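Please keep the sequence and the structure in view while reading.

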Amino acid sequence: MIEIQKRIREIAKAKDMLILAHSYQPPEIQDTADIVADSLELARRSRDSKAKKIILCGVKFMAESASILNPDKKVILPAHDAGCPMADMIDADQLREEKRKHPNAVVVAYVNSSAEVKAESDLCCTSANAAKLVASLEEDEILFVPDQYLGSWVAEQVPSKKIHLYPGFCPIHQRFTEEDILRIKGENPDAVVLCHPEAPPRIRRFADKILSTSQMIRHAQSSSETRFIILTETGIAHPLAKACPEKQFIFPDSRIKCANMGKTTLENLLEACETEELEIKVPENIRVRAEKALERMIALG
Ligand code: SF4
């Protein structure tokens, strides 16, 4: 650990701060954090922690989720302008308009959405639990926002449900090309292809398994296979290598990198811990409604 990381750890300990990092964060940030996980696990761990302050190394919707679940804790986002282009593709007015078009549908919001959108939704999901949660609903008609690709994957898994898709998408997973996948598969015919459900169907069709980030790491650990082609954000290379140092992970395109995830630096993390200025606080009238959607997700698993 270098000097600045030690300083961050000292301050976090002295100030009773829990540092959470998403698995797409830069390696040096992951190595400084208390916990590295996917969105669902970060939400759970923030809620279960007794720490007074949460430093969320990720993007805005993740800090909002931590704030929604922890109204008594101070939540700080070091990269204060780190947003998510997919989450920004729908706002509360647009969702209300979709609800008018589908008045009987249950609204399922991917956690990659704003607090306002969560507040307008019946329940939230992550890429790890979306299909399971939709399958568990009594209702047969679903309005799924904002990720049309995760939604279409859920529709494939749960064909008994009528799922209306909102046309949002992750611009990062959209960047994969069929040519890149065919080339990398041709060069590595023995490698198992693991793909994130945020990838479009034209890319998912090449996958041996469709898995969320946490599921990819667990699968790589438990599998007898030793070589994997990974179709998701390249930040996951770090936790994969730490979890399975003896295995090989192949990325078809180094440009599959989320600029917003890369906005956290050791410098702005240190500054956030020192000043405690970059707080994310969800207004109470929105928080209370968004909490119901998040808690319903956590209760359903
Ligand atoms: S990788 Fe995609 S979904 Fe995740 S924060 Fe970046 S733009 Fe949003």
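The axes of helix 1 (residues 3-14) and helix 13 (residues 266-275) come within 10 Å and cross at roughly 25°. Helix 1 is therefore roughly parallel to helix 13, a term for angles under 35 degrees. Axes are lines fitted to C-alpha atoms, for helices over the stretch in contact, and angles run from 0 to 180 degrees between N-to-C directions. Helices are DSSP runs (H or I) of at least four residues, and strands are runs (E) of at least two, numbered from the N terminus.

The model is predicted: local features need pLDDT of at least 70, side-chain atom pairs count only at pLDDT 80 or more, and totals for chains, interfaces and linings use all residues. Residues are numbered from 1 along each chain as its sequence is written.

| Helix | Residues in the contact |
|---|---|
| Helix 1 | Ile4, Gln5, Arg7, Ile8, Ile11, Ala12 |
| Helix 13 | Leu266, Leu269, Leu270, Cys273, Glu274 |

Gly262 is located in the loop between strand 12 (248-250) and helix 13. Because 16 C-beta neighbours lie inside 10 Å, Gly262 counts as partly exposed; a residue is buried with 20 or more such neighbours, exposed with 12 or fewer, and partly exposed in between. Leaving aside residues up to four places away in sequence, Gly262 touches Pro26 and Lys257. Gly262 and Pro27 are 235 residues apart in sequence, with a C-alpha to C-alpha distance of 9.9 Å.

Conventions
Angles under 35 degrees count as roughly parallel, over 145 as roughly antiparallel, 65 to 115 as roughly perpendicular and the rest as oblique. Two residues are in contact if their C-beta atoms, placed from the backbone, lie within 7 Å.
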